[in-house]
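Here is a short report on a predicted model.

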Amino acid sequence: MPYVLCQRHGTHAAPLLCSHLCNAVTNREPLPEAFCVEAWYHAYPLGVRYLCPGCAQIMGVATNRTVWRDEDAMDRLTDLRDLGTVCPRCFDEAQQSETL
Ligand SMILES: [Zn+2]
Ligand SMILES: [Zn+2]
């Protein structure tokens, strides 16, 4: 798992986000809805990714918290390019400020 060093929150294990969500968090812009995708290869967790509505649509993700458990999960995960990392606390804050 990658780590980020945040000037406000210190060092944290970093979630992987699509570039659009990354930019929004980094620039402190209003965050679009974040679709959480969880991928598994058999019993082995491949991790969680967060996608903006546009990327979610491209990947066929229609609901927030989608779980990929089929044989194609690994392939689809590697299809996700342009992912970046942000501080998880900043990401939380961005998501919360959106719902307030
Ligand atoms: Zn995106
Ligand atoms: Zn932070």
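Glu38 has Val67 as its bridge partner in strand 6. This contact belongs to the pairing of strand 4 with strand 6, residues 66-68. The two strands run parallel, with three bridges between them.

Strand 4 also pairs with strand 5. Here the sense is antiparallel, and seven bridges join the two.

Strand 1 covers residues 3-6, and strand 2 covers residues 10-13. Val4 stands opposite His12 in strand 2.

| Pair | Sense | Bridges |
|---|---|---|
| Strand 1 and strand 2 | antiparallel | four bridges |
| Strand 4 and strand 5 | antiparallel | seven bridges |
| Strand 4 and strand 6 | parallel | three bridges |

Now the core. The largest nonpolar core holds 22 residues. Leu17, Cys18, Leu21, Val25, Tyr50, Leu51 and Cys52 have the most contacts inside it. Elements giving two or more residues to this core include strand 3 (16-18), strand 4 (35-41), strand 5 (44-51) and helix 4 (88-99). Helix 1 (19-26) and helix 2 (53-58) are also among them. Helix 1 gives the most, with four residues.

What does Cys52 touch, leaving aside residues up to four places away in sequence? Its contacts are Cys18, His20, Leu21, Pro32 and Ala34.

Note on methods: Residues numbered from 1 in each chain as written. Chains lettered and ligands numbered in written order. Predicted model: local features only at pLDDT ≥ 70, side-chain atom pairs only at ≥ 80, totals over all residues. Core = buried A, V, L, I, M, F, W, Y, C linked by C-beta atoms within 7 Å. Buried ≥ 20, exposed ≤ 12 C-beta atoms within 10 Å, placed from the backbone. Contact = placed C-beta atoms within 7 Å. Pairing = 2+ DSSP bridges.
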